Every structure is written in C-alpha cells, then in structure tokens.
Amino acid sequence: AELYVNGLLSADGMLTVLEAFLERDSIRNPPRQLREHFGIFNLDEMAEQDVVRQFRFSKRDLPELLRNLAIPPSVHTGGPNGYRVPGMTALCILLRRLAYPNRLSDLEREFGISKSALSAITNWTTNFIIQEKGHLLTDLGRISWLNTGKLATYAEAVASRGAPLTTCWAFIGSTARRMCRPEEDQGHNFSRHKRFHALKYQSIATPDGLIINLQGPYQGRLRDAAFWTGNDVQDQVRRLCVTPARSFVMYGDSSYPISDILITPYPSKTQVPRQLLFNRAMSKVRIAVEWGFGKVLQQFPFVDHSKNQKLQLQDLGGMYSVAVLLTNCHTCLYGSQTSE
C-alpha cells in the first residue's frame, strides 16, 4: 500500500498483488463451506496410482477391505453434534491420515471436511476397528486358521531357510516407537537404552510376514522380559504349541527367558563353534520380526513421526494397533518381503 501511495507501484501492479494475497489467504484459511470450495470426496474420480499412493490399497481392493473390517455403509461419530459420512469415506480418511505425517488442515482440501470432523471420524474409525477386529492381535485362540497343521507349515518354512531349529514357527520381538516428551510421567516413558521417550510394543511374527499378536503399549522404561511375563500371551502360546503329538517353539533375542515354548541365542561370549553357528543361522531368519515392524512404518509412517505422537492428545496405542492390522491386510493382498 505504501508503494502505491508513493507512486512506486502502478494501479495494475497493486491489483496483481492484492489478487495474489487474497488467493494465498483463501488457501491458508479455507472458508467454512469446505464442500462447496473444495468439492466432495469421490474415490471413483481418482486415478489408480493416486489411490495406491494415498491409501496404500488399490481401488479394486478397498471395498473388500471395507467389508472385512466390518465398517458400516454409513458412519456417525455419535453425539448430538456428530458427523455422518459414508463408510468408504471414513476408511479413506483413516488410511490417508496414517499413510503420511500430514496435518488435518492439509486433508481438508482432499475431503472437503473440516479439521474437527476429520479428527472425530479418524478417532471413531480407529476405535471401531479395534473393537471389532482387535482380538486378531490379542487372542491367538480366536485366529481360526492358526492350528497345529499351520504351525508345522511355518516350521518347515523356517527350517528351509537354514534354521537349525526344526520346530520354530514364529519369532518374538519388541519395538520402541518414539514420541514427544509427555507432560506427565516423563521418567516412566523414557527409554534409557534408546535415549528418548517412547511407547513399546511386543509382537509375534510368522514367516509369511504377518504379525499375529501385538501386546502394548508399554512404558518406554520397561525391558522386553517384562512384556513376556506380564500378560497371558504365554498361556495362549503354550495352549497352541504344546500338543501330545508334537511341540513347537518360538525364537527371540537374549532379553527373553528360555522356556519350553521360547528359545533364545546362546550367550554372546560363547566360543563354542557349534553355538556360534546356531546363533548366526537363527539370527538370519529372526530378521523376519524386524521386517514386520519395518513394513508397518513403511506403509503407515504417521505412527513413526515422533513430533506428531502426543501421548496426552492421541490414542497412540490404538493408532499403532490399527496400523498393524492394516499392514496385515496389505500383506494378505500383496505379499511381503518376509514371505519371499
């Protein structure tokens, strides 16, 4: 304005600057009628490569995913001021939220929905999936296809990769997901080993790339052995693995205690050649559990963006569990590096 008053800017130049400012302001602060401004989300109009990039699943497979997750055709977030959207839109909002460390304001333009509505829909869909399908990660007894025959198939697959254990069917391990420093209980959630604040999870991974059990979240200060001894997963594994005809075992790192259902490496200081060969061979196949954790972060990196992981403001455990469930769905549809 001063340049125009002082004669240093023409009227046409001033108009150009004003138009650019208004255009920028409209993008930064979208109007309340977002649907009218950005349009209504329409999956059918999106290109296939955009669907895969933004939602991790192909356009053809999204309806099947919707059915398997039992998400209803119409979703209402509840309450007198709740939001109602189609079930497919709710699923896409959740997938888009997890697929990249984005801000809710960025998603307003893609879905034509306000930030508050996007947040409510994401939370509702997360809670719904945990309520309906969370048992697939917490109760081995409710996985219908997981039986003695399947354990034998897994054990054969592990042995075919050079593992000296012929009865090892799965691998157990833990991961620490970094988060913002919480306002409360900072010491409880600080991992001295990792040197940052985190929540920890324990998983059981199979040779086909699936994470069939997930325990957590646990405080970042706890050791892996505390996860194993502090819940009923041992009883679940024992009922599954110990049979009159044949028994199976899992393999974990040295932080776990040895038992009839869990084998760990020989001590790292061992000099016995046979023990060294055993450790080396099992280490090569145990990488499967690390690949499982890695695929979750590869497909849904939102759960790995520590600056956006706020313990008091978000259900971090629920979002990570849903990310694992969705990763399992992705593995069933498209395979994984582990199964290869």
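Helices (H or I, at least four residues) and strands (E, at least two) are DSSP runs numbered from the N terminus. The model is predicted: local features need pLDDT of at least 70, side-chain atom pairs count only at pLDDT 80 or more, and totals for chains, interfaces and linings use all residues. Residues are numbered from 1 along each chain as its sequence is written, and side-chain values use heavy atoms, with hydrogens and water left out.

The side chains of Asp 106 and Arg 109 form a salt bridge, at 3.8 Å from N to O. The term stands for a side-chain nitrogen of Lys or Arg within 4 Å of a carboxyl oxygen of Asp or Glu. Side chains of opposite charge can pair when their charged atoms come close. Asp 106 is partly exposed, with a relative accessible area of 24%, and Arg 109 is partly exposed at 33%. Here buried means under 20% relative accessible area, exposed means over 50%, and partly exposed lies in between (1.4 Å probe, protein chains only). A network of salt bridges links Arg 103, Asp 106 and Arg 109.

The buried residues of α7 are Leu 104, Leu 107, Glu 108 and Phe 111. These residues lie on the same side of α7, because they cover an arc of only 120° around the axis; the arc is that of the directions from the helix axis to the C-beta atoms. After α7 comes Gly 112, with a positive phi near 65°.

The structure holds nine salt bridges. Another of them joins the side chains of Glu 290 and Arg 286, at 3.4 Å from N to O. Both residues lie in helix α13, four residues apart, or about one turn of the helix. Glu 290 is partly exposed at 33% relative accessibility, whereas Arg 286 is buried at 13%.

A further salt bridge pairs the side chains of Arg 177 and Asp 304, at 2.7 Å from N to O. This pair links distant parts of the chain, 127 residues apart: Arg 177 is in strand β3 (residues 168–178), and Asp 304 is in the loop between α13 (273–299) and α14 (316–334). Arg 177 is buried, with a relative accessible area of 13%, while Asp 304 is partly exposed at 38%.

In helix α8 (residues 115–133) lies Thr 122, which is buried with a relative accessible area of 4%. Leaving aside neighbours within four places in sequence, Thr 122 is in contact (heavy atoms within 4.5 Å) with Ile 93, Leu 94 and Arg 97.

In soluble globular proteins, nonpolar side chains tend to be buried together. A nonpolar core is a set of buried Ala, Val, Leu, Ile, Met, Phe, Trp, Tyr and Cys residues joined through side-chain atoms within 4.5 Å. The largest one has 63 residues, of which Phe 55 and Leu 62 touch the most other members. Domain 1 (1–134) and domain 2 (138–334) both give residues to this core, so it lies between them; the domain bounds come from an automatic or database domain assignment. Not counting residues up to four places away in sequence, Phe 55 touches a set of residues including Leu 62, Cys 92, Arg 96 and Phe 111. A second, separate core of 23 residues includes Ala 170, Ile 204, Leu 210 and Leu 262.
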